[in-house]
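Visitor: I have just opened this model. Could you take me through it?

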Amino acid sequence: MTVKEVSIGDIGARGARADAEFAGDKMLINMGPSHPATHGVLRLRLELNGEIVTRCEPVVGYLHRGDEKIAENMTYNQFIPYTDRLDYIGPIHNNVTFVLAVEKLAGIEVPPRCQAIRVICCELARLQSHLLGCGVYGMDCGALTVFMYAFTEREKLYTLMEQLTGARFTTSYTRIGGLARDIPEGWLGNVLKVMDDLEPVIEEVDKLLSRNRIFWDRTVDIGVISRADAIGYGLTGPNLRASGVPMDLRKDTPYLGYEQYEFDVPIGANGDCYDRWLVRMEEMRQSIRIIRQAVERLPDGPWYAEDARKIFAPPKDKVMTRMEELIQNFMIVTEGPQIPAGEVYFEAENPKGALGFFIHSKGGGVPYRLKIRSPSFCNLSVLPKMVPGHLVPDLPVLLGSLDFVMGECDR
Amino acid sequence: MRERLNAILEAHPYLAARPSADCRAFNCPPEHLIGLLTCLRDEHGFDFLTDVTAIDHQEARPRFEVLYHLFSTERHDYLRLATPCADDQQPACPSVTALWPTADWHEREAYDMFGIRFAGHPDLRRILMWDGYPYFPLRKEFPLAGLETPFPSEDLTEATGASVLPAPMLGGPFHSAQGGPMSAREPRAGDQSWTETRPRPAAAEGAPPGAA
């Protein structure tokens with residue numbers, strides 16, 4: 001058997017191999033790193049037998065920025081903007097997960113109002129992420145309308161983010177021990193209004209695709225991941241739940257008071273591409289349910305931990321008028337929040353799966369080692385197992401169903 | 001839960017408790033690692049390998065440690081295991097890819113970033129950096145800015161004569177270096193690219209006064 005390698009998209013090799021023939025029993029081709037169906041800079045090395053993929057080797061790292069190295073060289077608060085750029089589809093959830101990890105190490109419990117605001121933020125991020133995930137998934141299957149519907153609604157969520165944080169995309173909203181600021185006046189009403197707008201659109205998208213014969217043909221029994229494989233390959237989030245594992249960290253290891261909210265965790269039966277779609281659609285409905293409960297019961301009171309003196313900066317008006325608070329603010333800005341020595345691992349149910357932060361601290365304002373456990377990285381590692389046996393046209397569907405973000409995968 | 005962990009500790013006398021701010025953590029000698037992880041997975045329900053990572057302890061011996069985070073999908077609790085790498089120059093550790101396929105990519109990453117060789121790994125090569133990259137970036141001696149290296153593609157290096165350059169640090173991105181006095185750590189303190197003493201460009205003719 002002869003194997004010929006043809007490289008498309010590799011500038012350096014293209015000229016040299018221009019006369020490589022498309023002959024032989026098996027053909028090796030590159031898909032990506034610049035390919036619209038790979039949703040970012042993922043590269044797949046595929047071995048094809050005719051139209052059937054016989055081997056798939058993902059090549060990641062094109063977006064590697066060394067976030068873990070950067071984290072070792074700056075204070076905890078300075079690292080928060082870097083977490084925006086992990087899963088940049090729902091950035092505010094990364095902010096929350098990161099500060100929860102640091103707060104766990106510092107032993108800080110933020111007040112109920114702060115927790116509830118963070119819950120609203122997390123669920124808005126989940127909606128942002130799933131609207132994109134489902135929208136482009138539809139587009140990958142040729143249903144462009146769904147993409148347009150989803151993005152129209154997603155735009156409103158960005159406007160909510162802008163009202164809350166001042167930025168549409170790079171939110172950096174949380175601080176160790178609290179938030180950057182309290183919610184603006186009237187914001188909760190806007191949140192409810194957007195939820196009212198969003199709900200019928202989700203139903204409409206559901207009607208358009210979930211019982212669509214063409215969509216069924218492209219997704220049902222495609223890309224089946226068994227329960228054992230899903231656990232073995234470390235899948236988390238909707239991809240794991242679609243394979244029938246009822247693991248949702250919001251229920252299993254509740255944080256931010258998630259145990260107070262009523263919501264269901266949808267799980268799939270077959271673990272195919274269609275189940276992953278259904279799970280994401282249902283999670284959006286559940287997120288709206290959580291947001292409504294959180295808005296309704298949002299407690300009054302402080303929005304930051306008032307006793308975390310060496311960790312959370314004092315209010316600006318006091319910094320400007322009082323000596324003690326000025327010094328405190330100066331020390332926190334220059335030296336970083338003072339976090340005790342120790343080791344901690346915290347993961348939260350991010351839209352893409354379990355985003356984890358492992359912190360090894362020797363005390364002070366800078367982590368000695370910070371490891372980011374990225375759900376997209378683990379979710380992609382199942383590709384060599386899942387893809388072989390499928391047709392080339394199935395690839396966009398398989399990739400779309402996994403809903404990954406390379407910014408988070410490559411860190 | 002506590003009884004269960006004490007039972008693990010009793011059944012495996014080589015284990016030592018490890019200081020931890022959250023879940024239970026153990027130090028395990030590398031020769032017992034595979035046996036212990038198999039036992040934890042099959043008999044104690046820690047069926048989910050969440051994460052594999054490493055720490056570079058710089059001066060301390062042993063220098064490199066590999067950490068495993070296990071999760072139980074039934075009981076919803078975490079367990080942290082750490083195992084030292086015997087050799088500081090050529091750190092090595094047994095691979096757990098046979099137990100959990102997810103360890104494949106995690107171990108490749110630990111190799112890529114720290115240079116830890118996982119014995120028994122089916123395909124140990126770099127994952128985030130490119131093949132042939134000469135350094136291990138998360139080792140503590142590797143500078144934050146990076147080091148000059150040739151481009152991944154040889155013909156690109158040949159054609160352009162350029163290489164991958166370290167990032168500009170002072171006056172560049174807002175990175176503060178560790179250590180040293182605070183005034184020196186402030187990144188803009190060392191920025192001499194503009195000062196009051198530097199002559200301003202002459203104002204264009206006909207421009208309103210003050211418009212430099």
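Guide: We shall discuss confidence, the contact between the chains, and then the sheets. Please note that this is a predicted model.

Visitor: What is the average pLDDT of chain A?

Guide: The average for chain A is 87, and 94% of the residues score at least 70.

Visitor: And where does pLDDT stay under 50 in chain A?

Guide: That applies to residues 6–23 of chain A, for which the model has 22 contacts beyond four places in sequence. Where pLDDT is low, the predicted coordinates should not be read in detail.

Visitor: Now the interface. How many residues of chain A are in contact with chain B?

Guide: On the chain A side there are 36 residues, in contact with 37 residues of chain B. Among the elements of chain A that give two or more residues to this side are α4 (91–106), β7 (342–350), β8 (353–361) and β9 (369–373).

Visitor: Which element gives the largest share?

Guide: β7(A) does, with 5 residues. By class, the side of chain A that touches chain B has 13 nonpolar, 13 polar and 10 charged residues.

Visitor: What sheet does β7(A) belong to?

Guide: β7(A) belongs to an open sheet of 3 strands in chain A, in the order β7-β8-β9, with antiparallel pairing. β7 and β9 of chain A each have a single partner strand and stand at the edges, so one side of each is left without a neighbour in the sheet. The twist averages 10 degrees from one strand to the next.

Visitor: How many bridges pair β7(A) with β8(A)?

Guide: There are 9 bridges, in the antiparallel sense. Within this pairing, A:N350 stands opposite A:G353 in β8(A).

Visitor: Which helix lies across those two strands?

Guide: α4(A) lies across β7 and β8 of chain A, at about 150 degrees to β7(A).

Visitor: Let us turn to chain B. Which domains are assigned there?

Guide: The assignment gives domain 1 (2–129) and domain 2 (143–173). The centres of these domains of chain B, taken over C-alpha atoms, are separated by 34 Å.

Visitor: What is the strand order of the sheet in chain B?

Guide: The order is β1-β2-β5-β4-β3, an open sheet of 5 strands with mixed pairing. β1 (16–17) and β3 (48–56) of chain B stand at the edges with a single partner strand each, so one side of each is left without a neighbour in the sheet.

Visitor: And how do β4 and β5 of chain B run, parallel or antiparallel?

Guide: They run antiparallel, and 7 bridges join β4 (residues 64–71) to β5 (residues 78–84) of chain B. B:L70 stands opposite B:L79 in β5(B).

Conventions: Residues are numbered from 1 along each chain as its sequence is written. Chains are lettered from A and ligands numbered from 1 in the order in which they are written. This is a predicted model: local features need pLDDT of at least 70, side-chain atom pairs count only at pLDDT 80 or more; totals for chains, interfaces and linings use all residues. pLDDT is the predictor's confidence in each residue, from 0 to 100. Two residues are in contact if their C-beta atoms, placed from the backbone, lie within 7 Å. Domain bounds come from an automatic or database domain assignment. Helices (H or I, at least four residues) and strands (E, at least two) are DSSP runs, numbered from the N terminus. Ala, Val, Leu, Ile, Met, Phe, Trp, Tyr, Cys and Pro count as nonpolar, Asp, Glu, Lys and Arg as charged, and the others, Gly among them, as polar. Two strands pair if DSSP finds at least two bridges between them. Axes are lines fitted to C-alpha atoms, for helices over the stretch in contact, and angles run from 0 to 180 degrees between N-to-C directions.
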